[in-house]
Amino acid sequence: MAAPLPFETEIHALEDVLKRLEQGASATANMSEEIKRIRRELSGLLKKTYSSLTPWQTVLVSRHPERPQTMDYVSMIFEEFVELRGDRAFGDDQAIRCGFARLGNSKVLLVGHQKGHTLKERQACYYGCAHPEGYRKALNKMKLAAKFHLPIICLIDTPGAFPGIGAEERGQAQLIATSILEMSRLPTPIVCVVIGEGGSGGALGIGVGDRIAVLEHAYYSVISPEGCAGILWKVANEETKPRAAEALRLTSKHLASLGVIDDVLHEPLGGAHREPREMGTTLKSYLLRSIRELKTKKLDRLLDERYNKFRKMGVFLEPREASGGKSS
Amino acid sequence: MSTRTNRGIPEGLWMPCPRCKATLYKKEVQSRLGVCNECGHHFTISARERIDQLLDEDSFEEWFTHLRPCDPLGFIDKVPYAKKLEETQAKTGMSDAAVVGKGFIRGRAIVLCITDFQFMAGSMGSVVGEKLTRAIEEATRLSLPLVIVSGSGGGARMQEGILSLMQMAKVSCALARFDQAGGLYISILTHPTMGGVAASWALQGDLTLAEPGAMVGFAGARTIWNTVRLELPEGFQTSEFLLEHGFVDRIVHRKDLRTEVALLIDYCEHK
């Protein structure tokens, strides 16, 4: 059991009491009344807490060690997964996993960040921070998928692309740049879902598609709250990180209002980590529906719509075109 | 940003070179295109100076000057973003960090985009993304070669949050179409080109040129240090480092840029 999130101590206390009562299960009438009462109380508390998470609390939920990751969804909602490894140039980055997969009746290519659950796995995955070879691998497999008209699903969950000496030497910026450009014109449907952390360029590197969704308590941001706090207040601490998270407008609600995502996927009560299967079911039906819709579109139209989706992003003022406008 | 040494050419008659520490006569540096006459250090220069250096005299026609940034996030900072924009606009006389338009380089028509380091470190927000995208779309429509001179310390502009990040995708989409249409894109990296700018259009060129000694990379030195706690090698994330690792075609001295760009354009005509 992971350490409780700081704002969840009351919830955890209730959950413990409930567990003890249920285990004690000498189902006297009194006991079961008590269990029912505590369940009601717990669900009320969860509802109250989770319907009003602050942006910083959302970031903490998105990073919860028990939150389902790409490989958890593989076992929960995909009928088959044939992992495809290696970037054909340098290595095989464990922070991004790729493979053919079966989702319902659809054959797809799945690409997703993996952070790992155990310490060993986390270290092997660099905590979900991909190196250039991860983006090269992903793009190679996505091109393969496009060649055979397989829809692509990208599950995004990274604090950011790995910042290190080797990553820079091997062209971190170059590989992300190439991936973004190529994804914009891959001739097959692409559905991207931010399932946890949407950390900056590392997220966008597998984040260009026809549908962009974010789980309710996931976030997507240009910079981490820690990085932002460090720049604005010189130090990232318990006081500045929440302020930065607030300023960045990184929650699903904000993202939707800024027009950068298509859908928000509702999470189970108390977050995806409490009911991973329920989250899986929601995600699966969203993916199936999106792929079904996108598959009916002619390729030209699909690519035009993808272009126009990103073309519209941005907020600026455009006063009536004066002499400074383009005249040609 | 790890270095704040070369923020353009300071006021006054004399100026120090941040690299060789020589005291330089400002007028002389200017006459040498903003390059130290002792050690060849390339100072950052404004978009206007860049246009004068690169293009044929008075040939630049600026586009989309009416686009203005705003504060869509109501960004909370020591100075509110809206106020910071006003101050920077007053100080620089620019509306935002990008200048785009059409001009001639030794008689060859091109579309030119420049990000100016003076304006919030050349960072990319909605206006920069929109201006570049429109310019690229125009280059596609007019079948003209495209030259983008990048210089951005911060990459994506934090104060516009996720909207800045999405400008990377928007500009990339336009560049993909430009490429599909057979356009030639020459990317010129100048000091500094970092983060989201490096991880999008700056490294999507058909040809990538870099000025000597420019800092170019994805993660800032401080971020890397915080993550791996390793001493960064000498010359890490410089143009020369990128050349050595295979990410740049040529390093070009500022005085040769104009000739080189014209030369490269002539090799890539559809004739």
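In this predicted model, 21 residue pairs are in polar contact across the interface of chain B and chain A, with both residues of each pair at pLDDT 80 or more. Several secondary-structure elements of chain B supply at least two residues each to the side that touches chain A. They are strand E3 (61–62), strand E4 (68–69), helix H4 (126–142), helix H5 (161–180) and helix H7 (221–228). Helix H5(B) provides the largest share of this side, with 18 residues. By residue type, the side of chain B that touches chain A holds 35 nonpolar, 17 polar and 15 charged residues.

Charged groups also meet across the boundary. Five salt bridges are found between chain B and chain A. One of these joins B:Glu137 to A:Arg311. The closest N and O atoms of B:Glu137 and A:Arg311 lie 2.8 Å apart.

Strand E9 of chain A, residues 316–317, pairs with E4(B). The two strands run in the antiparallel sense, and the pairing spans two bridges. Within E4(B), B:Pro69 is the bridge partner of A:Phe316.

Chain B contributes 67 residues to the contact, and chain A contributes 55 residues. Together, chain B and chain A bury about 5,400 Å² between them. Carbon and sulfur atoms account for 69% of that buried area.

Conventions:
Residues numbered from 1 in each chain as written. Chains lettered and ligands numbered in written order. Predicted model: local features only at pLDDT ≥ 70, side-chain atom pairs only at ≥ 80, totals over all residues. Heavy atoms only, no water. Contact = heavy atoms within 4.5 Å. Buried area = accessible area lost by both parts, 1.4 Å probe. Salt bridge = Lys/Arg side-chain N within 4 Å of Asp/Glu carboxyl O. Polar contact = N/O pair within 3.5 Å; in protein donor to acceptor, adjacent residues only side chain to side chain. Helix = DSSP H or I, 4+ residues; strand = E, 2+ residues; numbered from the N terminus. Nonpolar A, V, L, I, M, F, W, Y, C, P; charged D, E, K, R; others polar. Pairing = 2+ DSSP bridges.
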